[in-house]
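User: I would like a close look at one part of this protein, with the overall layout for context.

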Amino acid sequence: MADPSMALPAPSPEDGEDVVLALETASTLWKRGDTQDAIRWLRRAAESAEEAGDDMRALALARTAADLSASPDRRAVR
C-alpha cells in the first residue's frame, strides 16, 4: 500500500472553489489511507481546473493523478 504521509498537491491562490474543495477532500482521504478515492478526487480537481479554463493546472493535477495510479504501490488499489 502507498505511503499516506506523502503529500498531494496543495491548493494554490489561483484555484477556483471547486478545485480547492476537490484537493482538500483528496488530501483528507489520502491521509486516511483511502488512496483510491483520493486519486478520484484529484482527478475531479483536474477536471474542475479545466472547466475553469486553467489548462496548465488541469494538466499538472491530471499528471499527478496518473503518476499515483501507475505507481507500483498503487496497483493493488485500482
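Predicted model: local features only at pLDDT ≥ 70, side-chain atom pairs only at ≥ 80, totals over all residues.

What pattern does the protein follow, read along the sequence?

Analyst: Numbering starts from 1 along each chain as its sequence is written, and side-chain values rest on heavy atoms, without hydrogens or water.

Along the sequence the pattern reads α-α-α. That is three helices and zero strands (DSSP runs numbered from the N terminus: H or I of at least four residues for helices, E of at least two for strands).

Now S12. This serine lies in the segment before α1, the helix at 17-31. S12 has a relative accessible area of 22%, so S12 counts as partly exposed (buried is under 20%, exposed over 50%, partly exposed in between, with a 1.4 Å probe and protein chains only). From S12 to L23 is 11 residues in sequence. In space, the C-alpha atoms of S12 and L23 are 9.9 Å apart.

Of its 78 residues, 33% are buried. The protein exposes about 4900 Å², and carbon and sulfur atoms supply 50% of that area (Shrake-Rupley method, 1.4 Å probe). Take the contacts with a separation of 6 or more: residues 24 or more positions apart account for 52% of them (contact: heavy atoms within 4.5 Å).

One side-chain detail remains. The charged end of R44 sits over the ring of W41, 4.2 Å from the ring centre (the rule: NZ of Lys or CZ of Arg within 6 Å of the centre and within 35 degrees of the ring normal).
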